[in-house]
Amino acid sequence: MATWKLAPALAAGNCVILKPAEQTPVTILLLAQLVGDLLPEGVLNIVNGFGVEAGKPLASSDRVAKVAFTGETTTGRLIMQYASENLNPVTLELGGKSPNIFFADVMAADDAFLDKAIEGFVMFALNSGEVCTCPSRALIQESIYDAFMERVLVRVDAITRGNPLDPATMLGAQASNDQLEKILSYFDIGRQEGAEVLRGGERRTVEGFEGGHYVQPTIFKGTNDMRVFQEEIFGPVVSVTTFTDFDDAMRIANDTLYGLGAGVWSRDGNIAYRAGREIQAGRVWTNCYHAYPAGAAFGGYKASGIGRENHKMMLDHYQQTKNLLVSYSPNKLGFF
């Protein structure tokens, strides 16, 4: 995320202040160390701290000409408010509740494509679910629900959990205790709403890391009006529901405040294309998920943000358009 902002800002000739999340300060310092020798002194600056003491003063400073923020939607609204004091332009990459849609034809054959689609479902656990485009809602056509979920649950049960530094680990710890507690609270919310817990729904321990920020990969089954379907949990949690036909799938997919990402799985190119066009999201993965090619625009509709990153259009956000109107004639216009 930091490099997505740093690259266009530097390319447009700006000095940059990077303020990382207070939970992850070291990574940005390592980045600064790597590129520091390539840049003149003062071009790249790192400010660590909490939001109120560091983020707010930066966003509201009259010495800052442009603000770019990645984080949750509620914080993004505050950043926009702070920047408005100086009418500073803002780009925001915010939360998501991305639908991952599986049409019936994915199970037309038991082949590599089906295997890939099952993996696509389990992508909700990638990076401990702490990805803003996490496929945290799964929409499965009702005619294949039982058979598809039978295969999915086997794959989820096979997730290797443990030390995040172990290459064999598929699911590590959450970023902080605050995030852990937030996820655990949604386990309670889901149960209170009547969602069926298909897997997980509890805290877990890892040998040698007792007391660590670990949770089980969790699958809820319910309806799209539940909070576990509508609110960003930011953990290895997916909420599953069914749909009847294409129109029903699109209705459910777009019934959200967010519009950052989405996934569409179908062997029918017409279905996949129509769905990609109709889903209100800035990025729609078709028969894949969590691919991030360089140069592909990234950003959201609705409450998922403003602007696009990772694309040449981002250069415009870090520059001003200027017109120089020059007359080379010594003669007056003759109006007066």
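What follows is a walk through the model, stop by stop.

**Before you click**

This is a predicted model, so local features are given only at pLDDT of at least 70 and side-chain atom pairs only at pLDDT 80 or more, while totals for chains, interfaces and linings use all residues. Numbering starts from 1 along each chain as its sequence is written, and side-chain values use heavy atoms, with hydrogens and water left out.

**The whole chain**

Start zoomed out. The C-alpha atoms fill a box of roughly 80 × 50 × 35 Å along the principal axes. Colour by secondary structure and you get 10 helices and 12 strands; helices here are DSSP runs of H or I with at least four residues, strands are runs of E with at least two, and both are numbered from the N terminus. Of the 336 residues, 47% count as buried (buried is under 20% relative accessible area, exposed is over 50%, partly exposed is in between, using a 1.4 Å probe and protein chains only). Take the contacts between residues at least 6 apart in sequence: 66% of them join residues at least 24 apart (contact means heavy atoms within 4.5 Å).

**Stop one: the seven-stranded sheet**

Select β7, β8, β9, β6, β5, β10 and β11, in that order: these 7 strands form an open sheet with mixed pairing (two strands pair if DSSP finds at least two bridges between them). At the edges stand β7 (196-199) and β11 (283-286), each with a single partner strand, so one side of each has no neighbour in the sheet. On average, neighbouring strands are turned by 25° against each other, direction ignored. (Axes are lines fitted to C-alpha atoms, for helices over the stretch in contact, and angles run from 0 to 180 degrees between N-to-C directions.)

Now select residues 261-265, which are β10: 4 bridges join this strand to β11, and the two run parallel. Show Ala-262 and you'll find its bridge partner in β11, Val-284.

Next, β5. Is this strand covered on one face or both? Both: Pro-99 and Ile-101 on one side and Asn-100 and Phe-102 on the other are all buried. β5 also pairs with β6 in the parallel sense, over 4 bridges, and Ile-101 has Leu-139 in β6 as its bridge partner.

**Stop two: helices across that sheet**

Why call α9 largely enclosed by the rest of the structure? Because 7 of its 9 residues are buried. Show side chains for the buried ones, among them Phe-246, Met-250 and Ile-252. Their cover includes β5, β6, β9 and α10 (269-278).

**Stop three: the three-stranded sheet**

Select β3, β4 and β12. In that order, these 3 strands form an open sheet, again with mixed pairing. β3 (67-70) and β12 are the edge strands, each pairing on one side only. β3 and β4 (residues 90-93) pair in the parallel sense over 4 bridges, with Ala-68 opposite Thr-91 in β4.

**Stop four: two packed helices**

Select 51-60 and 73-84. These are α3 and α4, packed at an angle of about 45° with their axes 7 Å apart. That angle makes α3 oblique to α4 (under 35 degrees is roughly parallel, over 145 roughly antiparallel, 65 to 115 roughly perpendicular, and the rest oblique). Show Lys-56, Ala-59 and Ser-60 on α3, and Ile-79, Tyr-82 and Ala-83 on α4, to see who makes the contact.

**Stop five: the cysteines**

How many disulfides are there in the whole structure? The search finds 0 (a disulfide is a pair of cysteine sulfur atoms within 2.5 Å). Cys-132 is buried at 14% relative accessible area, and its sulfur is 9.7 Å from the closest cysteine sulfur, in Cys-134, too far for a bond. Cys-288 is partly exposed at 28%; its closest cysteine sulfur, also in Cys-134, is 15 Å away, again too far.

**Last stop: Leu-315**

Finish in the segment after β12 (305-306), where you'll find Leu-315, partly exposed at 30% relative accessibility. Leaving out residues up to four places away in sequence, Leu-315 touches Pro-8, Ala-11 and Ala-12. The C-alpha atoms of Leu-315 and Gly-13 are separated by 10.0 Å, though the two residues are 302 apart along the chain.
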